[in-house]
Amino acid sequence: MLFFIILLGVLFVVFATAKLKLHPFLALIFSSFFVGIASGMPLLDVVTNINTGFGSLMTSIGIVIVAGTMIGVILERSGAAYRMAEVVLRLVGEKHPQLAMSIIGYIVSIPVFCDSGFIILSSLQKSLAKRAKVTIASMGVALATGLFATHVLVPPTPGPIAAAGNIGASQYLGTIILVGLLVAIPATFVGYLWAVKVASKIEVPLDKEDAMDYEDVIKSFGKMPSTFSAFFPIVLPIILIGIGSIATLVGDSESTFNMILRFIGSPIVALLLGVLAAFPLMPNFKEETLTGWVGDSLKDAAPILLITAAGGSFGTIIKETGVGEMLQKMDLGSLSEGALFLLVPFLIAAALKTAQGSSTTALVITSTLIAPMLVTAGVEGAFPLALVVMAIGAGAMTVSHVNDSFFWVIAQYSGMTVTQAYKAQTMATLLQGLTTISISIVLWLIFV
């Protein structure tokens, strides 16, 4: 009965968000109350657990999400994202335009939301498509799949951070970033291959229209930042978090130097230093930027914060129902071997993603559901938990279709019909998800 109650709670979230179009925050909070009350939890304990789950998750990752969003907004509005794109194009060469767009997407979406990243780079992909004489659809899919890979797999994007927090892996963010960057490579490459082999055969009316030349696109944006200053706000926090993770594993934990390394390598400090590193990208220091840009980033972060915190409430309620103890009494058999366990979060996240459209929501809900199972299945430690986050991210890729805002951004800005977008983008995300879960399982079998 307890499993049935939890299942009803999850189904309510899916139905409310997908059919009733209720905001995921309210759907998660209402479902938390339902599961708590229906499971026989004392009424006052229901309220306490919802508040506790909400606050505890914000304590560990709230500032991290806000800081990551700030970096993304500054990179977007300062032209730094365009500068990064220009550098990648020079390195890859214009003879491989789809590969260049895939790599650009892979880099840009680490701090920038994939929807925003696609919109700000759409004029670039169109001008390059004209210049290289390839279809706009192939360029769009290459860019979209590159953006999507790091969006669901690599912190400081909010979804992977929330998943790490929910499964108790916030202290392993350095490992999760490194594993995410690695696993996102084959996912991006599969998207690139699909763009070249399939999407390149899709012609849209935009292919026959005139597009702004690449040089004119760059000039129209105005003066852009240097290569170093464009990449620095992304690279700095990743390096610092990596140093902090190493310092945690090795060295004298009581030494002042080690404590300093762990301090600057903590995700909150590292991301805030990334924000400071992004400030020089602003064209000026006045109300428009220091208040306007930062304020807009807070608006962008607010829904993610609320959904993530509500997911924390849902997870705490599930935990306090006693489902963890019930799972411990069950014989999980082969699931305790780990590699097969990765299929559980993958399938849950894929079902949620396909049903309600939001990758972030799928990451949040799935991580709250599987958290009680991790101890029972013997999944612990930095690398195994990082692979769990990868498995959830793989499911959160599978698949992007008409209930996903990213699907419509790609279709509209690339000029594709719904049928064409299903063939180009939806199928590409299916292959990305299957590739990512396969790579995750292989890494588990080799290294765990």
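Lys and Arg are counted as positive and Asp and Glu as negative, with His and the chain ends left out, and the place of a charge is taken as NZ of Lys, CZ of Arg, CG of Asp or CD of Glu. On this basis the protein carries 22 positive and 24 negative side chains, and the centres of the two sets are 9 Å apart. The model is a predicted one, in which local features need pLDDT of at least 70 and side-chain atom pairs count only at pLDDT 80 or more, while totals for chains, interfaces and linings use all residues. Residues are numbered from 1 along each chain as its sequence is written, and side-chain values use heavy atoms, without hydrogens and water.

The protein contains 20 helices and zero strands, these being DSSP runs (helices H or I, at least four residues; strands E, at least two) numbered from the N terminus. The radius of gyration, taken over C-alpha atoms, is compared with a globule rule of 2.2 Å times the number of residues to the power 0.38. For 448 residues a compact globule would have a value near 22 Å, and the protein agrees, with 22 Å. Its C-alpha atoms fill a box of roughly 65 × 55 × 45 Å along the principal axes. Of the 448 residues, 58% are buried, where buried denotes under 20% relative accessible area, exposed over 50%, and partly exposed in between (1.4 Å probe, protein chains only). Among contacts (heavy atoms within 4.5 Å) with a separation of 6 or more, 81% join residues 24 or more positions apart.

Helix α19 spans residues 405-414, and its buried residues include Phe406, Phe407, Val409, Ile410, Ala411 and Ser414. Their cover includes α6 (114-132), α7 (136-153) and α20 (418-447). At the start of α19, a side-chain oxygen of Asp404 comes within 3.1 Å of the backbone nitrogen of Phe406. Gly415, with a positive phi near 75 degrees, follows the helix. Ser414 counts as buried because its relative accessibility is 0%. Beyond its neighbours within four places in sequence, Ser414 contacts Phe118, Gln125, Ile136, Gly140, Val204 and Leu206.

Phe12 lies in helix α1 (residues 2-18). With a relative accessible area of 32%, Phe12 is partly exposed. Its C-alpha atom is separated by 7.4 Å from that of Ala27, 15 residues away along the chain. When neighbours within four places in sequence are left aside, Phe12 is in contact with Ala27, Phe30 and Ser31.

Terms used. Polar contact = N/O pair within 3.5 Å; in protein donor to acceptor, adjacent residues only side chain to side chain.
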